[in-house]
Amino acid sequence: MTERLYYDDAYLWAFDAVVTSVKNGKRPGEWEVTLDRSAFYPTSGGQPFDTGTLGYGKVKARVTDVEADAEGEVIHTVDREIPAGTAVHGEIDGARRTDHMEQHGGEHMLAGAIWEKLGGTTIGLHLGQTESSIDVSMPDERTHLTDEEILMLENTVNERIRMDAPIRCWFPEKDELKKLPLRKAPTVTEHVRIVAMGDFEMVACGGTHPASTGRIGLLKIISAIPAKGKIRVSFVCGGRAVSLFQTYMRFADKAGAALSCPVEKLSSAAAELKYRLSEAEKRANRLETREILAKMEEAGEEISGVTLCAFVLPETDGKAVTAAVSEYISAKGRAVLLCAGERLTFARSADVKTDMNELIKRVARGGGRPDMASGAGIPECVSVAKKILVTEGIG
Ligand SMILES: [Zn+2]
């Protein structure tokens, strides 16, 4: 079994080891090597694997994946063959591991606070490219957290981060293990490794953790949404939380400058702007409708006792046309309206029988009801439809 060096020192970025086996990897150009000892963390418990290099002589093989097999061997996938028995120098990508430890350490603290303050149990960790998430099962089976609870959890965790409490990992003897106040029962029975953070979190975990809570830096909850009967709490920690804060501030400042208000008043300023825009749109629509109605009045001509109004309205708002058509038809009586705006609209009053749905289908692509139909077509469709009505008569 590979001796796992990260158990004792999670900040060990370089180490020496000997290759104990080598075989072809899953894809061409890949090999899988095992070492007698390794500081590379294999994917497990939701924490992704480490990357880095294994070097010997002038050769440096890139480590592109790390996993552990059922026997506890750590399998390193590398991009070149390294013969068994070779003494290698391993180097870990410390920035990637530090980021993982910040998210993983923060997850422990968040899960611990959810358990202590709300009685919720945490199942699983997904450490994503941008944010991480845990699924929480609440004692009353609810699937949401209130804004106050989210704030309380963030404050609890961040106060504990600022305490810079030590984080300790060890393998207790069975007697000691039985007495430990663990947040949840271990999933393994042998070689149970415990992580304790200050006096507020203790649980079994084989992962890598920062040396103290202060090195988690900061925790921010992004969202808490229902997911399969549980609550999915997404969060960021450490460097990721700092960049998120920077991004949000940059956009908030820009939005504040655009709306000429301080960041704290952005939501009320945006709501006010939205209201004023909607009122202005209503006013503009009313004016446009009136304008269109005036044009309809001008264009109307009498054919067999029916007012036929055929006209083209380029660059006219669709809503205003619809409103004008309805108003014209209902006010007029014995009227047919053929209009080309953004779309074709054919309409008639209830006391006329000619079918607008059939008419529009004869001249363009579209359809609708017998009294009103619409479709897509060039403005000339209106004069074609008018000719049909004049020739065949309006009923
Ligand atoms: Zn852990």
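**A close look at helix H5 and its partner**

Author: Helix H4 (residues 238-259) and H5 pack at an angle of about 45 degrees, with their axes 10 Å apart. Before going on, here is some background. Residues are numbered from 1 along each chain as its sequence is written. The model is predicted, so local features need pLDDT of at least 70, side-chain atom pairs count only at pLDDT 80 or more, and totals for chains, interfaces and linings use all residues.

Now the terms. Helices (H or I, at least four residues) and strands (E, at least two) are DSSP runs, numbered from the N terminus. Axes are lines fitted to C-alpha atoms, for helices over the stretch in contact, and angles run from 0 to 180 degrees between N-to-C directions.

With that angle, H4 and H5 are oblique to each other; under 35 degrees would count as roughly parallel, over 145 as roughly antiparallel, 65 to 115 as roughly perpendicular, and the rest is oblique. The crossing of H4 and H5 is left-handed, a word used if the near helix is turned anticlockwise from the far one by less than a right angle, with right-handed used if clockwise.

Which residues touch? On the H4 side they are Ala252, Ala255, Gly256 and Leu259, and they meet Leu266, Ala269, Ala270 and Leu273 of H5. Contact here asks for C-beta atoms, placed from the backbone, within 7 Å. Sorted by class, this contact has 7 nonpolar, 1 polar and no charged residues. Ala, Val, Leu, Ile, Met, Phe, Trp, Tyr, Cys and Pro count as nonpolar, Asp, Glu, Lys and Arg as charged, and the others, Gly among them, as polar. A handy rule: an α-helix has 3.6 residues a turn, so residues three or four places apart point the same way.

Let's follow H5 itself. This helix covers residues 266-299, 34 residues in total, and reaches 49 Å from its first C-alpha to its last, close to the 50 Å expected at 1.5 Å a residue. That expected span is 1.5 Å times one less than the number of residues.

Of those 34 residues, 3 are buried, so H5 lies largely in the open. A residue is buried if 20 or more other C-beta atoms, placed from the backbone, lie within 10 Å of its own, exposed if 12 or fewer, and partly exposed in between. The buried residues of H5 are Thr289, Ile292 and Met296. They pack against strand E17 (306-312), helix H6 (318-332) and strand E18 (335-340).

Conventions
Two residues are in contact if their C-beta atoms, placed from the backbone, lie within 7 Å.
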